[in-house]
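Me: Hi, I'm new to this one. Can you walk me through it?

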Amino acid sequence: MNLDEITVLYTAEEIQEKVCEMGRAISFDYEGESLLVVGILKGAFIFMADLVRQIKLPLQLDFIDVSSYGNSTVSSGEVRIMKDLEYSIKGKNVLIVEDIVDSGLTLYYITEILKKRSPQSVRIACLLDKPSRRKSPAYPDYVGFTIPDEFIVGYGLDYDEKYREYPDICILKPSVYEK
Ligand SMILES: O=P(O)(O)OC[C@H]1O[C@H](OP(=O)(O)OP(=O)(O)O)[C@H](O)[C@@H]1O
Ligand code: HPA
Ligand SMILES: [Mg+2]
């Protein structure tokens, strides 16, 4: 990892504080109910691991893997399911957990698919929201940080599969990908 390529936007401590806040809000809103938490691989895996430990409700986990970016910083515009959910979501309260909503295409595609499977409810929790780049209607219910139009890495987010393990949320310098 080359630290000259990145600038810290939110530290690991700031992220934990925000994730605790989101966990409290979700626990409050669904009090007395149970949740099926659906993580979108791979980017959401770290956020999901931290978030579920802050949700004080009975819950189950499942994962779906879609891809639209490949090794680029711009969405290809085409979303493909690489791995579907293991369990039925019929009659369940589904909470989709996503690391970032950028063009909104991934989330729009996934919510449309899941809504057709007769869940009791579908809500979305995303850590980062980049509304300036939206191309599809995607309305997250729980948002951690609203961020500017920068390419972000760290805390699960990658550029060309690098930086996912970095503990802070960072801006990737454009000189890295504008070649
Ligand atoms: O709002 P959008 O423009 O669709 O972008 C957001 C999606 O793009 C990234 O995933 P990606 O498809 O790169 O796969 P990954 O999670 O495995 O990194 C990110 O994790 C979100 O899932
Ligand atoms: O800013 C981003 N960083 C990493 N992955 C992404 N996928 C969409 N936007 C981003
Ligand atoms: Mg993703």
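Predicted model: local features only at pLDDT ≥ 70, side-chain atom pairs only at ≥ 80, totals over all residues.

Me: Okay. How many helices and strands are there in the protein chain?
Reply: The protein chain has four helices and nine strands. Reading from the N terminus, the elements go β-α-β-α-β-β-β-α-β-β-β-β-α.

Me: And what does the C-alpha trace span along its principal axes?
Reply: About 50 × 35 × 25 Å. The radius of gyration is 16 Å, which agrees with the value near 16 Å for a compact globule with 179 residues.

Me: What share of the contacts comes from residues 24 or more positions apart?
Reply: Counting contacts with a separation of 6 or more, 67% are between residues 24 or more positions apart.

Me: Let's talk sheets. In what order do the three strands of the open sheet run?
Reply: The order is E1-E9-E8, and the pairing is antiparallel. Strands E1 (6-10) and E8 (152-153) are at the edges with a single partner strand each, so one side of each has no neighbour in the sheet.

Me: What holds strands of a sheet together in general?
Reply: Strands of a sheet pair through backbone hydrogen bonds, and the pairing can be parallel or antiparallel.

Me: How many bridges are there between E8 and E9?
Reply: Two bridges, in the antiparallel sense, with E9 covering residues 169-172. As for partners, valine 153 is bridged to cysteine 170 in E9.

Me: New topic: which residues surround ligand 2?
Reply: Tyr69, Ile100, Asp102, Phe151, Ile152, Val153 and Leu157 do.

Me: What about leucine 128, which strand is it in?
Reply: Leucine 128 sits in strand E6, residues 121-129.

Me: Buried or exposed, and why?
Reply: Leucine 128 is buried, because it has 23 other C-beta atoms within 10 Å, and the cut-off for buried is 20 or more.

Me: Which residues is leucine 128 in contact with, leaving aside neighbours within four places in sequence?
Reply: Those are Asp99, Ile100, Gly144, Phe145, Ile147 and Ile152.

Me: Last one: what separates the C-alpha atoms of leucine 128 and threonine 11?
Reply: They are separated by 14 Å, while the two residues are 117 residues apart along the chain.

Definitions and conventions:
Residues numbered from 1 in each chain as written. Chains lettered and ligands numbered in written order. Near = placed C-beta within 6 Å. Pairing = 2+ DSSP bridges. Buried ≥ 20, exposed ≤ 12 C-beta atoms within 10 Å, placed from the backbone. Contact = placed C-beta atoms within 7 Å. Rg over C-alpha atoms; globule rule 2.2 N^0.38 Å.
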